[in-house]
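Look at the model below before reading on. The paragraphs after it go through the chains one at a time, then the place where they touch.

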Amino acid sequence: MNAINDSILTLILLVPLAGAVLVALVPDRAKLPNWIALFTSLVTFGLTLHLPFHYDLARGGFQFVVYKPWIESPAIAYHVGIDGLSLWLVVLAGLLAPIGVVASWNAIQSRRKVFFVLFLIQQTAMFGVFISLDLMLYYGFWELSLVPMAILIAMYGRKDGPKAALKFFLFTFIPSAPLLVAILWLYAKTGSFDFTTLQTLIAYGQFPAGPLCWAALAFLFAFAVKVPVFPLHGWLSDTYSEAPVALAMVVAGKLGLYSMLRFHIGLFPVQARAAAPYLIALAVIGILYGACLALVQRDFWKLIAFAAVSHLSLIVLGIYGFTFIGTSGAIYQILSHGVVDGALFFLLGVLYERYATSQINAYGGLAARLPSTATLFVLTTLAMIGLPILSGFVGEFLILSSTFGGVSRGWAVAASLGVILGAAYMLWLVQRVFYGPQSELVASRPPNDLHLGELALLWPIVVLTLVMGVAPSIWLPTIEQGVHRPPLITHSGPGFITLTSTPMGGQR
Amino acid sequence: MNPVPDIFRILPEVILTLTGVAVMLIDASLPSAVPRRNLGWVAAIGTTFALWASLWQLSLPQGTGFFGTVETSAFTIFFHVLICGIVLVALLLSLDALPENSHHQGEYYALVVFGAVGMCLLTGAVELLVVFIALEISSIASYVLAGYRKQTARGPEAAIKYFLLGSFATAFLLYGVALIFGATGTTQIYEIARAVPTALNQPLLLAGMALMLVGILFKVSAAPFHVWTPDVYEGAPSPVVALMSTAPKAAAFAVMLRVVYEIFPTLRATWAPLLWVVAVLSMTVGNLAALRQQNVKRMLAYSSIAHAGYLLAAFAGLGSSGIAAASFYTAAYAAMNVGIFAVITVVGGYNEELPMIDDYRGLLYRSPVLGSVLIFFLVSLVGIPFTGGFFGKFYSFSAAVGGSAIWLAIIGLLNSGLAAAYYLRLALVSAQRPDGDAAQSTTPEPRVGIAVSAALLLAVAATLALGIVPNAVLRAAEAGAHTLQPPPQNEPRNVIDHLPNP
């Protein structure tokens, strides 16, 4: 058992990479690359499921840790491990991989090999970001995750791929320049890239305050672009409308939000707290701005993109509220958003594949022609807008209630307004696409409902959203355990937080 | 007195010279009808022996030979191996790239090898006159090679431009040597180093150093001495550009490291700000100009100017850390740049049938292997982790941060973000689906011969190895650095030991 626990994270990292190599070697015939990619991603998902069953909740802290010196000078180590914060995110990334493969099953017709090789490399990079505990290793995976995405957007872009790919790449690559300088500065001061070491050193005030503030800002900036936080969201709508469905669903949001929690708040709690009022304001603006723009979109990829800005901003609000409940809710909402967004992307991909347009007004009355698609779409939509007993509700409720009680009533009310708008644009989308009179396009194509493979994939996800809605206690203890670790919450000095979400120090 | 025979100190150079002479003699004695291609293999085998001889030199004790004019040390061996490796890849590349009927193939291969003699000697010389002679040997070979396609208009233009400007630069260097001789009374590097702190005429020394730096900065095409680069790269045959954008620069950087760290460490306050400015200027000018290019070779020429800037950032590093970072960067840059020019040679065609970025549209579809390799090298040039380009930049900028030139690091990294724009433009264009069948029918699938495959394989392997297991090369670079400068006394403060108990 110990041997497995010691190598499980390495395996999770290497299996997709091995799959990528295998896909590159086999001939591109008879969907062979697809099957290998599916098999690889299922194996990886199976491996990630090992983690929650063997995570020792009583012990807490980083587990399944592997520490191997990699480069002597500078001292970069292969140091991986997970705690309650990253545990479920790893599982989520594992879950989304097979969904992504199935979503690309028919959508990707040419150059399947290149697609799946890059898709699997992307998978490795994402796992790497979630499990790295060495700042350089983390930065490596963080940068690596950009490359497959950019190339795939360029290859499979719907209209102007290279332009969107370049925009995506530059938007996310340039902010990582200050991030790297900040990491190097930390190293120059301490001689260590190790997360826990740096965390301890910063907590004990081993750094001059002024430069440390700049370093924290560099971290925050890189992550805020990646999330994206208003007004740094310029890349998102193009990326969503050009990227292959599988990549849009795996990349959205998670990396940036996780990095904020782990490396911004985790390393620089004092500076993060100082930045929190601004981030809360930007988050609320993002919620309303994204929702308003989503209301007026005519293209459903763009609508989903602005909806994502709105939803991700809500999570940012939860993170920077600095309440225990809000942070837990934010992590829960990352999971829920990942699952629900994945399903929604999958369904929109199905529509795009069958009707070859993303213009909403070309659709209409689809429910009569494709009943299963309509059912699943409506269920997913309801989960997304936060209907009670479905997954979106738990996170939204935790975030909004903690903001109301612990941060500021005004911001909470404004954020709730965004949630209501969210219901409006999503339901309106459903109404325009699935109900009303049948449009010419819908009538002219043969009704081609979801086939068995797609149904077999989507129903479990819908059931999962239901389970996440009624039994959050499966997930929350681990998450709360991760949030509770120092210095994320307990090492906070005056505003010590307890489980009851008492107001934090520094009232706003 | 000296137990090591002098000849061992220059063994790689001797082997290379013999190879070059052999190639020329065989070329002259063969009847004119016999194809000359196999001469390339002779040159490649000779270069492999020289590479092996450089590694063998590791077993020699560090020291000088020929009356203190040449040296073997970890530093010189590092650059010898690097240069021989580059020349080997360039030769393999030329074997398949030169058309069967191209003229004077014997001279071509001989000149490549003679150029290598000059570059190797340049890194080993510890006597300024030998430095000058070695520089001339390597430069003259490059001038001729740059104009090798003399039937085109651009070839001779490139050669003449390179020759005229290059002669000026060498003259600057020589004048600098003369001034330093005037100030110290010697041209032996160690003796100058001893005399520098106490020399009476410091302004003369400063002028000499400045003139020498101008000459060297020209050779590495750092701004503002870079204007020749795009024209020459565009006019010269691609395999030659693969060679001369890397190997002579590596040699010139080796000389520069010697000049600033070994001769003038005491004048750091003077040269460090100068190089800071040149570094920033090179990166910014190179990247901004590259953004506007439509011709792939011109774009890469400007990119090489920018890379010279990143490399110069390492000179802000204190003592051995800066030297090690600069040496490592040279190796990483050489691996990826030789590689990308190898791809350009195959795809663009020897006579530049496809010179423009748009000509690469859909390369990934026409030839998946070449397309992937091209994208790989571009990704490395951007500096994405797990490639040599990343660790090159990483060491260079961490040396700068360690030398408290934080702004230089920030400017450099922002510049590398800017650079991503044009590298990615090429990468993404080659990944884009070609429009219809028109593009496919007009552009034939590029031919990849066995020698080119070997060259590409070597370059990819080197770039990957430098990105994933950089330890060995870094250790070699550090060993080299310590022969120029002893390791620093005050290691980075190990704060972990001073932690209060939690």
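Two strands are said to pair if DSSP finds at least two bridges between them. Helices (H or I, at least four residues) and strands (E, at least two) are themselves DSSP runs, numbered from the N terminus. In chain A, strand S1 (residues 63-71) and strand S2 (residues 76-82) are joined by six bridges and run antiparallel. One such bridge has A:Tyr67 on one side and A:His79, in S2(A), as its partner. S1(A) and S2(A) form a hairpin, with four residues between them.

The model is predicted: local features need pLDDT of at least 70, side-chain atom pairs count only at pLDDT 80 or more, and totals for chains, interfaces and linings use all residues. Residues are numbered from 1 along each chain as its sequence is written, while chains are lettered from A and ligands numbered from 1 in the order in which they are written.

Chain A holds 23 helices and two strands. Its C-alpha trace spans about 70 × 55 × 45 Å along the principal axes. The radius of gyration is taken over C-alpha atoms, and the globule rule is 2.2 Å times the number of residues to the power 0.38. For 508 residues, a compact globule would have a radius near 23 Å, and the 22 Å of chain A agrees with this.

A residue counts as buried if 20 or more other C-beta atoms lie within 10 Å of its own, as exposed if 12 or fewer do, and as partly exposed in between; the C-beta atoms are placed from the backbone. Of the 508 residues of chain A, 61% are buried. Two residues are in contact if their C-beta atoms, placed from the backbone, lie within 7 Å. Among the contacts in chain A between residues at least 6 apart in sequence, 80% join residues at least 24 apart.

Helix H19 of chain A (residues 391-407) can be checked for length. The expected span of a helix is 1.5 Å times one less than its number of residues. The 17 residues of H19(A) should therefore span 24 Å, and the end C-alpha atoms are 24 Å apart, which agrees. H19(A) is mostly covered, with 13 of its 17 residues buried.

How many helices and strands make up the secondary structure of chain B? There are 22 helices and two strands. The radius of gyration of chain B is 22 Å, close to the 23 Å that the globule rule gives for 502 residues, so chain B is as compact as a globular protein of that length. Its C-alpha trace spans about 70 × 70 × 40 Å along the principal axes. Buried residues make up 61% of the 502 residues in chain B.

Helix H22 of chain B (residues 471-484) has 14 residues, which should span 20 Å; its end C-alpha atoms are 20 Å apart, in agreement. Its buried residues are B:Val473, B:Leu474, B:Ala476, B:Ala477, B:Glu478, B:Gly480, B:Ala481 and B:Leu484. What covers them includes helix H4 (74-97), helix H12 (247-263), helix H15 (319-348) and helix H21 (450-468) of chain B.

Now to the place where the chains touch. The contact takes 38 residues from chain B and 39 residues from chain A. On the side of chain B, helix H16 (363-366), helix H17 (368-382), helix H18 (388-402), helix H19 (406-431) and H22 each supply at least two residues. H19(B) gives the most, with 15 residues. The residues on this side divide into 29 nonpolar, seven polar and two charged. Here Ala, Val, Leu, Ile, Met, Phe, Trp, Tyr, Cys and Pro count as nonpolar, Asp, Glu, Lys and Arg as charged, and the others, Gly among them, as polar.

B:Arg433 lies in the loop between H19 and helix H20 (438-442) of chain B.

Last comes confidence. pLDDT is the predictor's confidence in each residue, from 0 to 100. Chain A has a mean pLDDT of 83, and 95% of its residues reach 70 or more. Over residues 486-508 of chain A the pLDDT is below 50. In chain B the mean pLDDT is 87, and 94% of residues reach 70 or more. There, pLDDT stays under 50 over residues 489-502. The model scores ipTM 0.77 and pTM 0.84.
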